[in-house]
Amino acid sequence: MNPIIEKYDIHIQHAWVLCLDSDFTEYRDSSILIKDGKIAYIGECLTLEPGQASENIDGSRKLVIPPFFNGHSHIAMSLFRGFRNDVPLKTWLEDYIWPAEQKYINPDNVYLGSMVSGIEMIRAGCNIFADMYFYEESVAQAAEELGIRAIIGEAILSFPTPNKKTPADGLRYTEILHKTYFDHDLISLSIPAHAPYTCSLEILEDISALAKELSIPTAIHLSETSSEVEESIDKFGLTPPQYIAQSGFLDDHCICHHCNFLSDEDMKLLRKKGASVISMPNSNMLLASGIAPVKEMLDTGLVVGVGTDGAASNNNQSVLNDLQQLVRLQKVKHQDPTAISARHALSIGTINGAKAYRMDKLLGSLEEGKAADMIIIDTDKPHMQPIFDPYAQIIYSMQESDIESLIINGRFIMRERVIISFDEERLLARATRFSKNLK
Ligand SMILES: [Zn+2]
């Protein structure tokens, strides 16, 4: 009698796989078996019975790695891409971005901007993004339609936002979103406080209390510019991390964005509280904010991931691009080519984001039982050969267009550079019409 033959949805064979697990396991000639949205097997190459996998993919001359984790963005801001660059952060926010948001941001436009960024992120090999913006149900709608994962987060500020008049209204809206997306396959939640200079201690306390009740992370822009730190010390006698720590906001569910100006004591405080950091080098360079002490934070034992920030201050939504800039910046800053290796850089762009958001049991590395999320990279290009070190190839040579396919939850979202079942051209035409009216 024949033993029962297990069936699989997808078999990717012969690829060079970088697992990004804690041992940095690699398989030069591999098999990956996908079943019901999960990785059923990953290891040395197998020969299956005919028909045992519904689909067989030849991975020869390809690299397979976990997709990129975008730890922070304002994805609908693709609508403001290129709108008033070349000004300081304070001027940019107060004179241009906040007034434009009050005027133009509504559910339809948030959906439109989110679709544009969503497509861009898919084409850049990203399987998940953490958002901080307004009308987050429109962000979730776009993510669901595209099949990309999202950590949605309605931004809380002391003053009225385009969506909600008060912080309390924003928190009530978050509770509704939590009920709607509880246990959703792709969508989860965080509660982002905009920044210490736009949120009072009382508001931070309320956010922290609700986040604990719902068991979801909090987030905040923190110590982004030197003037933010100086003003905080002048006003409160405390650095921004010390200030927010007074409210109990800084804890092991808190993800701090930017952190360009942390003292050694600030880093130790974040470490002691169990907080994580997301670094945004492209946005920091464009706004001339500063260079984050990424190497120092890693040396302190902090989890540091990477994000793109919004397309209005980057101006792309490519984690790969930010990661490539981050590594080079750290090498220049320390005048040390060993400051961060290519291998560790790739872990910053993948598993570290998952660790920061406590999603590493499911995402961030390729391991049996984890979600079948991965990207397939074409190495059959002049700039990708020869391959002495695949990590170096990805961090120092790879271009976004080398990302051939993206699989999320065991499903092809992009295949050979084509986003499955979505009319990209029609959407981009709609976004272009929006930008023509922008003043
Ligand atoms: Zn931001």
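How many residues of domain 1 are in contact with residues of domain 2? In this model, 22 residues of domain 1 are in contact with 22 residues of domain 2, where contact asks for C-beta atoms, placed from the backbone, within 7 Å. Welcome to the structure above, which is a predicted model: local features need pLDDT of at least 70, side-chain atom pairs count only at pLDDT 80 or more, and totals for chains, interfaces and linings use all residues. Residues are numbered from 1 along each chain as its sequence is written.

**The two domains**

- Domain 1 covers 8–66 + 365–419 and domain 2 covers 68–356; such bounds come from an automatic or database domain assignment.
- Taken over C-alpha atoms, the centres of domain 1 and domain 2 are 29 Å apart.
- On the side of domain 1 that touches domain 2, helix H14 (390–397), strand S18 (403–408) and strand S19 (411–415) each supply at least two residues. Helices (H or I, at least four residues) and strands (E, at least two) are DSSP runs, numbered from the N terminus.
- H14 gives the largest share of that side of domain 1, five residues.
- Sorted by class, the side of domain 1 that touches domain 2 holds 16 nonpolar, two polar and four charged residues. Here Ala, Val, Leu, Ile, Met, Phe, Trp, Tyr, Cys and Pro count as nonpolar, Asp, Glu, Lys and Arg as charged, and the others, Gly among them, as polar.

**The nonpolar core**

- The largest nonpolar core has 128 residues, and those touching the most other members include Val 17, Ile 122 and Leu 323. Such a core is a set of buried Ala, Val, Leu, Ile, Met, Phe, Trp, Tyr and Cys residues joined through C-beta atoms within 7 Å.
- Helix H2 (residues 107–123) brings the largest share of this core, seven residues.
- Both domain 1 and domain 2 give at least three residues to this core.
- Not counting residues up to four places away in sequence, Ile 122 touches Leu 146, Ile 148, Leu 406, Ile 413, Met 414 and Ile 419.

**A parallel sheet**

- An open sheet of five strands runs in the order S12-S13-S14-S15-S16, with parallel pairing; strands pair if DSSP finds at least two bridges between them.
- Strand S12 (191–193) and strand S16 (304–306) are at the edges with a single partner strand each, so one side of each has no neighbour in the sheet.
- From one strand to the next, the twist averages 25°.
- Three bridges link S12 and strand S13 (residues 218–222) in the parallel sense, and Pro 192 stands opposite Ala 219 in S13.
- Helix H5 (residues 201–214) lies across S12 and S13, at about 165° to S12. Axes are lines fitted to C-alpha atoms, for helices over the stretch in contact, and angles run from 0 to 180 degrees between N-to-C directions.

**A hairpin**

- Strand S4 (residues 30–35) and strand S5 (residues 38–44) run antiparallel, joined by six bridges; Leu 33 has Tyr 41 in S5 as its bridge partner.
- Two residues lie between S4 and S5 in this hairpin, and Asp 36 in the turn has a positive phi of about 50°.

- Met 398 sits in the loop between H14 and S18 and counts as buried because it has 23 C-beta neighbours inside 10 Å. A residue is buried if 20 or more other C-beta atoms lie within 10 Å of its own, exposed if 12 or fewer, and partly exposed in between, with C-beta atoms placed from the backbone.
- Glu 55, in strand S6 (residues 53–58), counts as exposed, with 11 C-beta neighbours inside 10 Å.
- Leaving aside neighbours within four places in sequence, Glu 55 is in contact with Asp 9 and Ile 10.

Technical notes
Two residues are in contact if their C-beta atoms, placed from the backbone, lie within 7 Å.
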